[in-house]
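Subject: Structure handover

Hello,

Here is the structure you asked about, with my notes below it. Please read them with the structure open.

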Amino acid sequence: MAVPFYRHALSPACSDRVAAVLASPFLTSGPQGVRVEEKLRGFFGVQHAKLTSSWTQGAIATLLALDIGPGDEVIVPAMTFAATANVVRLVGATPVFVDVDPATLLIDHRLVAEAVTPRTRAVIPVHLYGQMVDIPALRKAIPASVRIIEDAAHCFEGKRNGRRPGQDGDAAIFSFYATKNVTCGEGGAVITNDPDLAAALVQTVLHGMSAGAAQRFQGGTYRHWDIARLGTKANLPDLLAVLLEPQIDGIEAQLARRERLCARYEAELANTPFTWPIIEAGVVSARHLFPIHVPDGQRDAVLQALGQAGIGATVNYRSVPCLTLYRTSGAIPDLPVSRRWGEGTLSLPLFPDLRDEEQDEVIAVLRAQALAINPPETMRRAEPALV
Ligand SMILES: *Cc1c(COP(=O)(O)O)cnc(C)c1O
């Protein structure tokens, strides 16, 4: 039985929602997006929300809005998706990589504090796999002038000590990419409680223009616009925004299903050589991915066995400073926790309607692989006799 890595849960009924947008005058950012932004403000308990065309564009718009650019440094974890570092490069600033905690794989606050220099403008902690970084603790570890931009691409539903993304950082950025917990194919959002950042973002998501399309035509009379700062093109069209609302309404049920699947993986893989990050007390993980670590350089063999069985698996992630672009551009220190995790990790199928029999198949292949890596005691004891 083939088991996909991910199967989206958008139903054909969504086409009615898209049809309603097609029947309206507004295809790009308009009233539907405004409704979703309202919903995001309510869900996260923050003052401002801006839908964007992706996490990447939202992050570029945020960095531009904070005037972060050439000569500035931004601290990022080595264990993340490359986009977290790429956006820093794309605005002309320098990403400074730090290693992660070996138990949680979240950015190590102590190493962040050590990496701060007079050029440091921001840090981008990543709520990896759905577990939130302790933002108040990170805040205490660094100078007040350093902005905290949360990479919440994995963490729409997550909480730590009752606090959600965006409540304690300067901004949090989400991704609604095709395989994320909430998706509209491609999309994202930036939330913040900072009124100055919010006002600048309105411009940096739209070329730097002083008025969006909806405002330019308000009242039926053309209004002139100006550009006072550089912006990118990061707005989300209503055609896509309209897909998000029902998913936000049903989010707790979807999280409960993924939580159950994760608990099953953890129980069934408990006595194998495979390991996975711990989830700390006080954390509700958004359970975006279920990564395991395969020891003894056997990761690619396990990936191959899963592939041959028709099971979708991916790698999240190889350590970013180990990728060719970063390895060959400047002296980057070895960050061993991220490197070793990246050399051994793979992610298993995880999505709300993964069926039990599909998950059983994944578990069966992994248990067989575990035996190959770690022969049972009887075989081990027999070994010396064979020599
Ligand atoms: C998916 C992802 C991104 C990029 O999101 P896009 O919407 O594709 O730009 C950034 N950071 C992390 C951790 C991600 O998983």
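A residue is called buried under 20% relative accessible area, exposed over 50%, and partly exposed in between. By that rule His207 is partly exposed, because its relative accessible area is 37%. His207 is found in the loop between helix H7 (195-204) and helix H8 (213-216). Its phi is near 65°, a positive value in a residue other than glycine. Please keep in mind throughout that this is a predicted model.

Leu105 has a positive phi too, near 65°, and is likewise not a glycine. Leu105 sits in the loop between S3 and helix H5 (109-115). Is Leu105 buried or exposed? With a relative accessibility of 3%, Leu105 counts as buried, since the cut-off is under 20%.

The annotated lysine

The UniProt record, an unreviewed entry, places the feature "modified residue: N6-(pyridoxal phosphate)lysine" at Lys180. The annotation may be inferred rather than shown by experiment. In the model, Lys180 lies in the loop between S7 and S8. Its relative accessible area is 12%, so Lys180 is buried. Which residues does Lys180 touch, leaving aside those up to four places away in sequence? They are Tyr6, Ala153, His154, Ser175 and His288.

Helix H2

Helix H2 covers residues 31-44, which is 14 residues. The buried residues of H2 are Gly33, Val36, Glu37, Leu40, Phe43 and Phe44. Seen down the axis of H2, these buried residues fall within an arc of 125°, and therefore line one face of the helix. An α-helix has 3.6 residues a turn, so residues three or four places apart point the same way. Val34 and Gly42, on the other side of H2, are exposed.

What covers the buried residues of H2? The cover includes three strands, S1 (48-52), S7 (171-175) and S8 (188-192). It also includes the helices H9 (238-241), H10 (244-249) and H11 (251-268). After H2 comes Gly45, with a positive phi near 60°.

Strands S2 and S3

Strand S2 (residues 73-77) and strand S3 (residues 94-98) run parallel and are joined by five bridges. Val76 has Phe97 in S3 as its bridge partner. Together with helix H4 (residues 83-90), S2 and S3 make a right-handed β-α-β unit.

Two further places to look at

Asn316 and Tyr317 are joined by a cis peptide bond, with omega about 10°. Tyr317 has its place in the loop between helix H12 (299-308) and helix H13 (324-327).

Cys14 lies in helix H1 (residues 14-22). Cys14 counts as buried because its relative accessibility is 13%. How far apart are the C-alpha atoms of Cys14 and Leu243? They are separated by 6.5 Å, although the two residues are 229 residues apart along the chain.

Regards

Definitions and conventions
Residues are numbered from 1 along each chain as its sequence is written. This is a predicted model: local features need pLDDT of at least 70, side-chain atom pairs count only at pLDDT 80 or more; totals for chains, interfaces and linings use all residues. Side-chain values use heavy atoms; hydrogens and water are left out. Helices (H or I, at least four residues) and strands (E, at least two) are DSSP runs, numbered from the N terminus. The expected span of a helix is 1.5 Å times one less than its number of residues. Buried means under 20% relative accessible area, exposed over 50%, partly exposed in between (1.4 Å probe, protein chains only). The arc is that of the directions from the helix axis to the C-beta atoms. Contact means heavy atoms within 4.5 Å. Two strands pair if DSSP finds at least two bridges between them. A crossover is right-handed if, with the strands pointing away from the viewer, the path from the first strand over the helix to the second runs clockwise.
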